[in-house]
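Visitor: I have a structure open and would like to go through its contacts. Can we start with the charged side chains?

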Amino acid sequence: MLDYLKSPVQTFQDFLILAGRSLKNVTRKPIYWKDILMQMDSIGVGSLPIVTLIGAFSGIVMTLQLSRALATYGATSQTGQVVSISIVRELGPVLTALLIAGRNASGIASELGSMKVSEQIDAMRALGTDPIQKLIVPRLIATAVMQPLLTAIADFVGLLGGLIIAVTVIGNTANQYWSSAIDILRLNDMVQGLVKPFLFAMIIALVGCFYGMRTSGGTQGVGLATTKAVVVSSVWVFVIDALITQIFVNLT
């Protein structure tokens, strides 16, 4: 039993060490601004089309699903409230995080993994460059900045998708929908909707970098590292979401 647990405990310990060193290096010089901007473009701008698309359809589908239930209770005027709370608190942050994990954690792991198996990272160390400062910190900062922005965009587009269904199918007016959607939101909801994507971003970037830096075994190892990065970061998104939700529920 202890031998079975030894490997995952060692892996988690190695992850915590890498995460600690990466966070410590965030404020340390040199700061590779060019690399940060390149990663922000890749992670943020590159993910924008898929995040926008998923945000719109999540709002449309959720409003369609709710329309019958709300009509049953004669509460169709509350459509904006239900859609707004669901998207801002949960759907926007979690769906965006899963998309970022699928697209960018895999990209980071495969990129760093390819550099690792081709010994580019070893060459970087030999030339006196810290791989954590050069490779991990820019990806960590870029993801932490861009993911909350992508989540805000996904939330807005999701509300627009809900508006289309609320007006064309349920019979609400646009003014009625927006009034109820905005009035229901409190500071707690807005903070929750921004704290979650920030923490999700840290986990996704660190997990992608961790498995990329541990890659071994050639191209097969790169594929395995990519798969692990996506699966582990996705699981952590749900674990952290549950913990943060519990904290904010206790605060209300």
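Guide: This is a predicted model. In it, aspartate 14 forms a salt bridge with arginine 214, and their closest N and O atoms are 3.2 Å apart.

Visitor: Where do aspartate 14 and arginine 214 lie?

Guide: Aspartate 14 is in helix α1 and arginine 214 is in the loop between α7 and α8 (218-251), so the pair ties together parts that are 200 residues apart in sequence.

Visitor: Is aspartate 14 buried or partly exposed?

Guide: Aspartate 14 counts as partly exposed, at 25% relative accessibility. Arginine 214 is partly exposed too, with a relative accessible area of 39%.

Visitor: How many salt bridges does the count come to?

Guide: The count comes to 8 salt bridges. One of them joins the side chains of arginine 89 and aspartate 189, at 2.5 Å from N to O. That pair links distant parts of the chain, with arginine 89 in helix α3 and aspartate 189 in helix α7, 100 residues apart.

Visitor: And aspartate 189, buried or partly exposed?

Guide: Aspartate 189 has a relative accessible area of 3% and is buried.

Visitor: What about arginine 125 and aspartate 122, how far apart are they in the helix?

Guide: They are 3 residues apart, about one turn, and both lie in helix α4 (residues 120-126).

Visitor: Changing topic. How many aromatic pairs does a search of the whole structure find?

Guide: The search finds 5 aromatic pairs. One of them is phenylalanine 15 with phenylalanine 210, an edge-to-face pair with 5.5 Å centre to centre and 85° between the planes. Phenylalanine 15 lies in helix α1 (residues 2-25) and phenylalanine 210 in helix α7, so this pair ties together parts that are 195 residues apart in sequence.

Visitor: Which residues form an aromatic cluster?

Guide: Phe15, Phe210 and Tyr211 form one aromatic cluster. Phenylalanine 15 counts as buried at 11% relative accessibility, and phenylalanine 210 is buried at 4%.

Visitor: Last topic, pockets. What volume does the largest pocket have?

Guide: The largest pocket has a volume of about 240 Å³. Its lining has 15 residues, and Val88, Ala152, Asp155, Leu185 and Met190 lie nearest the centre.

Visitor: Which helix gives the most to the lining?

Guide: Helix α5 gives the most, with 6 residues. By class, the lining has 11 nonpolar, 3 polar and 1 charged residues.

Note on methods: Residues numbered from 1 in each chain as written. Predicted model: local features only at pLDDT ≥ 70, side-chain atom pairs only at ≥ 80, totals over all residues. Heavy atoms only, no water. 1 Å grid on protein atoms, 1.4 Å probe; cavity = no way out; pocket = protein on both sides within 12 Å on 5 of 7 lines; lining within 4 Å. Points joined across faces, edges and corners; volume = space filled by probe spheres on them. Helix = DSSP H or I, 4+ residues; strand = E, 2+ residues; numbered from the N terminus. Nonpolar A, V, L, I, M, F, W, Y, C, P; charged D, E, K, R; others polar. Phe/Tyr/Trp six-rings, centres within 6.5 Å; stacked < 30°, edge-to-face > 60°. Buried < 20%, exposed > 50% of the residue type's maximum accessible area, 1.4 Å probe, protein only. Salt bridge = Lys/Arg side-chain N within 4 Å of Asp/Glu carboxyl O.
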